[in-house]
Amino acid sequence: MLDFFTIFSKGGLVLWCFQGVSDSCTGPVNALIRSVLLQERGGNNSFTHEALTLKYKLDNQFELVFVVGFQKILTLTYVDKLIDDVHRLFRDKYRTEIQQQSALSLLNGTFDFQNDFLRLLREAEESSKIRAPTTMKKFEDSEKAKKPVRSMIETRGEKPKEKAKNSRKTKGAKKEGSDGPLATSKAVPAEKPGPVGPENGVELSKEELIRRKREEFIQKHGKGMEKSGKSAKSDAPKEKGKKAPRVWALGGSAPKEVLDYSTPTTNGAPEVAPPEDINLIRGTGPGGQLQDLDCSSSDDEGAAQNSTKPSATKGTLGGMFGMLKGLVGSKSLTREDMESVLDKMRDHLIAKNVAADIAVQLCESVASKLEGKVMGTFSTVTSTVKQALQESLVQILQPQRRVDMLRDIMDAQRHQRPYVVTFCGVNGVGKSTNLAKISFWLLENRFSVLIAACDTFRAGAVEQLRTHTRRLSALHPPEKHGGRTMVQLFEKGYGKDAAGIAMEAIAFARNQGFDVVLVDTAGRMQDNAPLMTALAKLITVNAPDLVLFVGEALVGNEAVDQLVKFNRALADHSMAQTPRLIDGIVLTKFDTIDDKVGAAISMTYITSKPIVFVGTGQTYCDLRSLNAKAVVAALMKA
């Protein structure tokens with residue numbers, strides 16, 4: 001039974017609606033528009049919202065959307081046929097009203113489609129019942145029954161490999177025999193006299209058989225035994241004396257005490273560290289304002305100049321024919337027209353580090369968006385598909401929710417509480433380093449920061465954060481801020497409960513008046529259930545304002561696996577009814593990938609969450625905000 005069936009234009013005007021139940025269809029349809037149609041995720045024609053499954057079809061020629069909704073526990077096989085029949089009949093019946101393409105004509109038009117829809121629904125339900133139940137296949141109909149009994153009998157003593165070789169030889173003989181009698185007589189070689197044995201009809205005695213086997217064994221393995229004996233003799237003298245280390249002429253020597261670079265201590269307390277170059281640590285550029293990401297490189301300008309030179313030498317006639325090649329000429333696009341172009345686009349996206357599944361879904365979404373759309377006279381299929389894909393990618397990189405940390409921190413200040421950010425991710429992606437960059441950005445905007453060292457697993461994690469805290473304190477000493485400590489580290493050592501340390505850090509920040517708490521967690525693989533349970537506990541107990549996933553820009557298909565399993569683990573191991581999932585993404589090592597920026601698309605497409613920060617270097621100023629158009633331009637660059 002259907003819950004509803006509605007037809008509306010892409011402008012949002014509902015032309016006709018059928019209600020099978022009393023519940024309104026507004027909520028599910030709005031969720032479909034918000035999550036699928038506006039986010040360019042139309043590769044799949046089904047969408048699940050709460051207890052409903054929605055199936056939809058786009059008519060790009062008349063800018064219409066057909067949506068049917070039913071309970072997801074039901075398996076309705078006739079829904080796809082029903083949508084196609086309704087789409088065909090509605091378009092043919094009201095072609096004149098729809099072709100006027102004006103909102104006033106659509107509002108004033110009367111679409112009396114109730115009786116036609118009920119008739120189509122009745123026919124679709126009856127056609128699904130008429131189908132005969134599938135009967136089980138009998139043994140006589142199977143391929144095994146067609147095989148002769150002789151082919152299933154194994155002769156004793158014959159190995160399977162020999163049997164396969166014999167069968168191949170017989171097949172080859174049959175093929176040669178099909179050429180004619182003359183060919184067979186020429187192809188058969190003269191038989192060589194084989195060894196005397198039971199196969200040739202001559203019986204051997206037991207002693208002769210053993211002697212012959214022994215000779216064959218010596219012929220096969222005798223050479224290898226001689227080589228191993230020689231190598232054993234040659235290695236023997238080397239084992240007697242140890243190799244002396246080489247002494248270089250100008251190498252010099254240093255005692256072990258000089259090579260000891262560990263931190264000197266006096267009565268258990270570390271000595272004061274020597275002063276460091278603050279400008280080298282800080283980097284160049286404004287720290288308080290995030291600059292947009294720039295994906296262009298110097299190679300692009302050179303390539304553009306080189307591409308313009310050969311174009312000038314071409315003849316005008318060839319250029320004119322090349323321009324006219326592939327023009328559509330005012331016709332509606334079909335899947336066959338776009339297939340070759342979409343295949344090239346998919347391979348191009350995969351080469352730019354987009355996950356393979358995401359690239360396929362993007363191309364399917366573009367195909368469903370353009371199918372049936374009428375093109376202009378001077379438009380090529382390639383340019384149309386490329387433009388549609390470019391618009392879809394820009395839309396994907398601008399998701400539903402935008403994270404504005406500075407505004408949220410000021411809102412938390414008004415409520416006299418610290419703003420808590422938790423960083424999570426796999427091992428070695430740069431969580432602690434980018435936490436320090438974000439700390440510097442917040443300090444430049446005059447917010448005090450407390451860093452909570454909740455990575456109690458990795459050796460050196462607390463010392464790394466202590467070094468960052470010391471350097472950030474040197475950049476923002478209390479003297480510049482009226483004696484107020486702007487950055488401080490909260491740590492309890494190793495082997496402790498991370499959730500308890502985070503809770504104590506938040507309470508300490510509230511008492512001491514810190515504006516922001518940045519919680520550093522241990523790196524963990526997405527398949528490690530105990531560590532994922534501990535992360536879910538930390539997030540559930542402390543309820544941070546923002547959960548950031550830190551991921552590398554170097555990954556391809558692995559990005560999808562990491563984000564899907566992190567979200568799934570947080571949902572499965574959470575104790576709350578509505579589990580807290582990832583709120584945003586920090587993309588690191590972006591300066592190492594040139595124009596292979598596909599990881600940004602993969603991560604945003606999977607989570608529908610924004611990329612809040614992009615790490616582009618090793619100094620504190622190397623932090624950028626994502627520029628969607630620049631990333632898409634780099635992604636579409638050949």
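1. The buried residues of helix H21 are covered by elements that include helix H14 (356-370), strand E9 (419-425), helix H20 (529-542), strand E13 (546-552), strand E14 (584-588) and helix H22 (598-607). The buried residues of H21 itself are Ala559, Val560, Gln562, Leu563, Phe566, Asn567, Ala569 and Leu570. Helix H21 comprises 17 residues, 557-573, and its first and last C-alpha atoms lie 24 Å apart, close to the 24 Å expected at 1.5 Å a residue. These remarks, like those that follow, concern a predicted model.

2. As to overall composition, the protein chain contains 23 helices and 16 strands. Of its 638 residues, 38% are buried. Among contacts with a separation of 6 or more, 75% are between residues 24 or more positions apart.

3. The largest nonpolar core is made up of 114 residues, and Leu362, Val385, Met405, Leu442 and Phe613 are those with the most contacts inside it. This core lies between domain 2 (332-397) and domain 3 (405-628), because both give residues to it. Another core lies apart from it and has 26 residues, including Tyr78, Leu82, Val86 and Phe90. In soluble globular proteins, nonpolar side chains tend to be buried together.

4. With residues up to four places away in sequence set aside, Leu362 touches Leu349, Leu389, Leu393, Ile396, Ile601 and Tyr605.

5. Helix H22 is largely enclosed by the rest of the structure, since nine of its 10 residues are buried. Ser608 follows H22 and has a positive phi, near 60 degrees.

6. Helix H2 (residues 79-93) should span 21 Å with its 15 residues at 1.5 Å a residue, and the separation of its end C-alpha atoms, 21 Å, agrees with this. Its buried residues are Val79, Leu82, Ile83, Asp85, Val86, His87 and Phe90. Of these, Leu82, Val86 and Phe90 are among the residues of the 26-residue core.

7. Ala412 is situated in helix H16 (residues 405-414). Its relative accessible area is 0%, so Ala412 is buried. Apart from neighbours within four places in sequence, Ala412 is in contact with Arg417 and Tyr419. The C-alpha atom of Ala412 is 9.5 Å from that of Asp545, although 133 residues separate the two along the chain.

8. His476 occupies the loop between helix H18 (461-475) and strand E11 (487-490). Although it is in a loop, His476 is buried, with a relative accessible area of 10%. Its contacts, leaving out neighbours within four places in sequence, are Phe440, Leu443, Glu444, His481 and Met486.

9. Two further loop residues have positive phi values without being glycine. For Asn353, phi is near 80 degrees; this residue lies in the loop between helix H13 (335-351) and H14. For Arg446, phi is about 65 degrees, and its place is the loop between helix H17 (431-444) and strand E10 (449-453). Their accessibilities fall in separate classes: Asn353 counts as buried at 19%, whereas Arg446 counts as exposed at 59%. The value for Asn353 should be read against the cut-off, because buried means under 20% relative accessible area.

10. On cysteines, a search of the whole structure returns zero disulfides. Cys25 is accordingly in no disulfide, and the nearest cysteine sulfur, belonging to Cys17, is 3.8 Å away. That distance does not qualify, because a disulfide requires sulfur atoms within 2.5 Å. Cys25 counts as buried at 10% relative accessibility.

11. One database annotation should be noted. An unreviewed UniProt entry places the feature "domain: SRP54-type proteins GTP-binding" at residues 610-623. In the model, the chain over residues 610-623 is 0% helix and 43% strand, with end C-alpha atoms 16 Å apart. Phe613, one of the residues with the most contacts inside the largest nonpolar core, falls within the annotated range.

Technical notes: Residues are numbered from 1 along each chain as its sequence is written. This is a predicted model: local features need pLDDT of at least 70, side-chain atom pairs count only at pLDDT 80 or more; totals for chains, interfaces and linings use all residues. Side-chain values use heavy atoms; hydrogens and water are left out. A nonpolar core is a set of buried Ala, Val, Leu, Ile, Met, Phe, Trp, Tyr and Cys residues joined through side-chain atoms within 4.5 Å. Buried means under 20% relative accessible area, exposed over 50%, partly exposed in between (1.4 Å probe, protein chains only). Domain bounds come from an automatic or database domain assignment. Contact means heavy atoms within 4.5 Å. Helices (H or I, at least four residues) and strands (E, at least two) are DSSP runs, numbered from the N terminus. The expected span of a helix is 1.5 Å times one less than its number of residues. UniProt positions are given in the numbering used here, feature names are shortened, and annotations may be inferred rather than shown by experiment.
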